[in-house]
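Q: Could you help me learn to read a structure, one feature at a time?
A: Gladly! Have a look, and ask away.

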Amino acid sequence: MPDQSHTQVFGAHLILEEERRRFRATVDQLEKQRAEAQEEVDELINALRRERDLGDEEIIFLKAQLRGISATKYETEDKVDNLEKENEQLKEDLKKETYKRKKLKERFLELQELVNDE
């Protein structure tokens, strides 16, 4: 009987070893799949970071353009304001010059009448 018992233990031991080998192969396969999945996740994360960085760069570029447009807008508004002030001043000067001419013409006509009268 001891032989049969020894054979049964040895047989059970062989079965356990086979199960361990299968289990180890399954674990190795799962670890390999996990590593591949982790690589894919890392690639996706890096792609998203690149995309975000590009988005950030584009936002920075657009903000710079907007600042340039705003600066140009304010410069243009300042120029328009200055031109409007200059235009108003020229209108005032023109009124003064027109008034002076009118007075000079009147004075000229008065003097001409005096000359004609003499």
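Q: How much accessible surface does the chain have, and what share belongs to carbon and sulfur atoms?
A: This is a predicted model. The accessible surface of its chain is about 11600 Å², with 57% belonging to carbon and sulfur atoms.

Q: What do the overall dimensions look like?
A: The C-alpha trace spans about 170 × 10 × 10 Å along its principal axes. A compact globule of 118 residues would have a radius of gyration near 13 Å, whereas this chain has 50 Å. As for secondary structure, there is 1 helix and there are 0 strands.

Q: How many positive and negative side chains are there?
A: The chain carries 23 positive and 31 negative side chains, and the centres of the two sets are 5 Å apart. E36, E39, E40, D42 and E43 form a patch of negative charge on the surface. One of them, E39, lies in helix α1 and is exposed, at 51% relative accessible area.

Q: Where do E88 and K91 lie?
A: Both are in helix α1, 3 residues apart, about one turn of the helix. Elsewhere, salt bridges with shared partners link E18, E19, R21 and R22 into one network.

Notes. Residues are numbered from 1 along each chain as its sequence is written. This is a predicted model: local features need pLDDT of at least 70, side-chain atom pairs count only at pLDDT 80 or more; totals for chains, interfaces and linings use all residues. Side-chain values use heavy atoms; hydrogens and water are left out. Helices (H or I, at least four residues) and strands (E, at least two) are DSSP runs, numbered from the N terminus. The radius of gyration is taken over C-alpha atoms; the globule rule is 2.2 Å times the number of residues to the power 0.38. Accessible areas come from the Shrake-Rupley method with a 1.4 Å probe; for residues, only the protein chains shown count as cover. Lys and Arg count as positive and Asp and Glu as negative; His and the chain ends are not counted. The place of a charge is taken as NZ of Lys, CZ of Arg, CG of Asp or CD of Glu. Patches are made of residues with over 30% relative accessible area and no salt bridge: like charges are joined within 9 Å, nonpolar side chains (Val, Leu, Ile, Met, Phe, Trp, Tyr) within 5 Å. A salt bridge is a side-chain nitrogen of Lys or Arg within 4 Å of a carboxyl oxygen of Asp or Glu. Buried means under 20% relative accessible area, exposed over 50%, partly exposed in between (1.4 Å probe, protein chains only).
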